[in-house]
Amino acid sequence: QIAEKEKIYASEQEVVRYISAVAASNGKTPDRMRSELERDGSMDDIRIQLRHGKVIEHIKSKATISEK
């Protein structure tokens, strides 16, 4: 709900960066990694994961910490 209210989404550029990093750590090209992720239906999960991380960062940036 926070993501929708605050209009927080994972951009295509962020998805590409993520896929490139995963590909590099698995010794694959980004294109091959993306094809595999699309084939097994993981692209939506990646977008959700990236969006979730951005929501957490948003919440942390708005939080006020005080000592009692």
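I read the order of elements from the N terminus as α-α-α-α. I counted four helices and zero strands in the protein, taking helices (H or I, at least four residues) and strands (E, at least two) as DSSP runs numbered from the N terminus. I note that this is a predicted model, in which local features need pLDDT of at least 70, side-chain atom pairs count only at pLDDT 80 or more, and totals for chains, interfaces and linings use all residues. Residues are numbered from 1 along each chain as its sequence is written, and side-chain values use heavy atoms, with hydrogens and water left out.

I looked up the dimensions next. The C-alpha trace spans about 50 × 25 × 20 Å along its principal axes. The radius of gyration, taken over C-alpha atoms, is 15 Å, whereas a compact globule of 68 residues would have one near 11 Å; the globule rule is 2.2 Å times the number of residues to the power 0.38.

I then checked burial (buried means under 20% relative accessible area, 1.4 Å probe, protein chains only). Buried residues account for 24% of the 68 residues.

I turned to helix α4, residues 43-62. Its 20 residues should span 28 Å at 1.5 Å a residue, and the end C-alpha atoms lie 29 Å apart, which agrees; the expected span is 1.5 Å times one less than the number of residues. Within α4 I found Met-43, Ile-46, Leu-50, Val-55 and His-58 buried. Their cover includes α1 (2-5), α2 (12-25) and α3 (30-39).

Definitions and conventions: Buried means under 20% relative accessible area, exposed over 50%, partly exposed in between (1.4 Å probe, protein chains only). Contact means heavy atoms within 4.5 Å.
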